[in-house]
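Here's a quick briefing to read with the structure open beside you. Take a look first, then we'll go topic by topic.

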Amino acid sequence: MFGYYPVFLREMMLFRRRFLRLGYFFSAMFAPLLYLLAFGLGLGHRISIAGGSYLDFLLPGLIAMSSMNNSYTWIATSLTVGRLHFRTFQVFIQSPVSPCAIVLGEVLAGMVRGLFASSMILLVGLFLGSGLYFMPLFIPALLLNCFLFASLGVLSGLRAKSHEDTATFSNFFILPMAFFGGTFFPIEELPRWLQFVIRILPLAHTNKLMRAKCMGPDCLLSLAVLVIFAVIFFVISVYLVRTYSE
Amino acid sequence: MDRRQWTAFYLSAPPRLPLASVFGHMINIDHITKIYGAISALDSLTLVIKQGEVFGLLGPNGAGKTTTIKILTTLSKPTGGRAAIGGHDVEKEPLAVKNIIGVAPQEINLDKELTAEQNLRVYGMLHRLDNLGRNIKDILELAGLSERSNHMVRDFSGGMQRRLLIARALLTKPNVLFLDEPTVGLDPQVRRQIWDLVRNLKENGTTVFLTTHYIEEAEALCTRVGILSRGRLIALGTPRELKGEVGGFVLEYQENGNTRYMLCRSREEAHSLSQSKKGPIIIRESNLEDVFIKLTGERIGPAE
């Protein structure tokens, strides 16, 4: 099980290397900051949601969204390219480490990315004057969200037949979820049938938990949904590594 | 590379060999078959390799050499048959197999954005190696890359990358080393260095399994070679045995603008046959390429 550490360490070494190139850092942070500035500043003063300012509503949503995007994209891309192009992933398969350790190492690396991006957004949001209240479930929901989408990243990185596959998956699944999952407006504004669809997907639950003022029974349900998704994605990923064969 | 250095390095290796394999066979391949879709990459390959052998698998591109290595190194699961390394079944005890092997694949799968030292450190930790810093220093010195240890691999020449790749595979002092086309695309000088390295490993008792389509490489290094063609093993033996089977000498002559080959038992026989040929002739000792041509009617080497 402790074999997870070198897997994690390698991703961190690569992350640091990219991070040192500032251009990369700015392009990765650009989209969420753009949303924050455009919607937060543009709509922020005209609209109020649930008694608070729009910026206060938007900030947790953007944090959930960018933690999802970054946890997922980095690992999905890294695994797809490492497996199909550079063939560095094969080194793990040929090393005496358990499949579970390989997946755990990659997931933790994805979480670090997700948490890093979230904290950047958080800092900018606070700077713009959002009075973010740390809700009781903010941190657990954020961690679960990162874990869940990093696991999904491992899963799709192992299944993708090409680099385009992960981008397609991201466009058809991750992006719509970001827009409809309660990031920019409460999902109660949506038609009933769409609400139903959205409630099956994990991001809506993360958003709900991160904004929840206290722990009610429906919060426990949302937590359970996130845990179930996380376990399913993680277990499938471990299975894919275990049965890996070229 | 200094032989004494190698010996010192290897004497410090902990004995990790399973006892059964010390006296028996290091690699056991038993009717391995691999089918991709409708294509049969390996067709009931059976092969036994003893400890300390330098075994060369020869064949043209697409013959199934890399597939064989992938199956033995747990990267690919066979469609049928069984294989074991050091007495451990590659499918049932993959972790035990991974503990005693080192692999240098055909494509250089180092992390090019990391330094040489970082690449080795991650690899060593994956193998839970003790004294990692010391081992990395030693192996970098042996590979002649000490000064480059903190340079990004991206900036290395092709030969240096290949050396680092093999050094990485040797970091854990494996009992069995797999080298897939170790010298492809390298200049003659680097190729010689890698040959020396394999010879040193042989003296230290490491079992080496290599694939190549360079005839002279197989002749220079291998104690035994197997010739693979379209997934089937069509010849097996020492280079001398195989050449002896087809005749020890070759007469090359020109006919209608094409070079023709004629295999002969002796130099005298080649001489007498050459009397009837017009134009330039060459009489030489046979090589493994002749064996391959004789068996398949094709050439092994890359198309020219």
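Which residue in E4(B) is the bridge partner of B:Ile27? That would be B:Ile85. Keep in mind that this is a predicted model, where local features need pLDDT of at least 70, side-chain atom pairs count only at pLDDT 80 or more, and totals for chains, interfaces and linings use all residues. Residues are numbered from 1 along each chain as its sequence is written, while chains are lettered from A and ligands numbered from 1 in the order in which they are written.

**Chain B overall**
- Chain B has twelve helices and 13 strands (DSSP runs numbered from the N terminus: H or I of at least four residues, E of at least two).
- Its 304 residues are 44% buried (20 or more other C-beta atoms within 10 Å of a residue's own, C-beta atoms being placed from the backbone).

**Strands in chain B**
- E1 (residues 25-36) of chain B runs antiparallel to E4 (residues 80-85) of chain B, with five bridges joining them.
- E4(B) also pairs with E5 (residues 88-89) of chain B, antiparallel over two bridges (pairing takes at least two DSSP bridges).
- B:Ile85 turns up here too, with B:His88 as its bridge partner in E5(B).
- E4(B) and E5(B) make a hairpin with two residues between them, and B:Gly86 in the turn has a positive phi of about 55°.

**Helices in chain A**
- The axes of H3 (residues 54-84) of chain A and H7 (residues 163-180) of chain A come within 10 Å and cross at roughly 170° (lines fitted to C-alpha atoms over the stretch in contact, with angles from 0 to 180 degrees between N-to-C directions).
- That crossing makes H3(A) roughly antiparallel to H7(A) (over 145 degrees).

Methods
A residue is buried if 20 or more other C-beta atoms lie within 10 Å of its own, exposed if 12 or fewer, and partly exposed in between; C-beta atoms are placed from the backbone. Angles under 35 degrees count as roughly parallel, over 145 as roughly antiparallel, 65 to 115 as roughly perpendicular and the rest as oblique.
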